[in-house]
Amino acid sequence: LLYLVIAVPRLVDLFPLVTSPTLTGLQSAMAEGGAATLVWVHIIAFDLFVGRWMYLESRNREIHPLVMAPVLVVTILFAPIGFLVFLGVRATRTVT
């Protein structure tokens, strides 16, 4: 909901930014508070959905919570690194 409230009034500016992104364009947009908030909301939502999937997958594969806790923390802080660590841990366990 927060994403929609912030994004809809800025769609005219956002559309070219996401369809033909440039580093300069992204830097300019990030200097504006609303765009920075959109990016932050997007990142947090993605991290939480990926983290939830990882958690559920770890339960399914019976990976101990003490193994998953630091992996989930790393995922929230550094999503791609945490996800890769999880894939490594996941590869060691089969579905029961």
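The model is predicted, and local features need pLDDT of at least 70, side-chain atom pairs count only at pLDDT 80 or more, while totals for chains, interfaces and linings use all residues. Residues are numbered from 1 along each chain as its sequence is written, and side-chain values use heavy atoms, with hydrogens and water left out.

**First stop: α5 and α6**

Select helix α5, residues 65–77, and then helix α6, residues 79–91; helices here are DSSP runs of H or I with at least four residues, numbered from the N terminus. α5 and α6 pack at an angle of about 150°, with their axes 5 Å apart, where axes are lines fitted to C-alpha atoms over the stretch in contact and angles run from 0 to 180 degrees between N-to-C directions. α5 is therefore roughly antiparallel to α6, a label for angles over 145 degrees. Their contact (heavy atoms within 4.5 Å) includes Val67, Val71 and Val74 of α5 and Ile81, Phe83 and Val89 of α6. By class, this contact has 11 nonpolar, 2 polar and no charged residues.

Now select Tyr3, Leu14, Leu17, Val18 and Val39, which of the 15 lining residues are the closest to the centre of the largest pocket. α1 (2–7), α2 (11–19), α3 (23–30) and α4 each supply at least two residues of the lining, and α4 gives the most, with 5 residues. Which classes make up this lining? The lining has 14 nonpolar, 1 polar and no charged residues.

Notes. On a 1 Å grid over the protein atoms alone, a cavity is a set of points where a 1.4 Å probe fits but cannot get out, and a pocket is an open set with protein on both sides within 12 Å along at least five of seven lines; lining residues have an atom within 4 Å of a point. Ala, Val, Leu, Ile, Met, Phe, Trp, Tyr, Cys and Pro count as nonpolar, Asp, Glu, Lys and Arg as charged, and the others, Gly among them, as polar. Angles under 35 degrees count as roughly parallel, over 145 as roughly antiparallel, 65 to 115 as roughly perpendicular and the rest as oblique.
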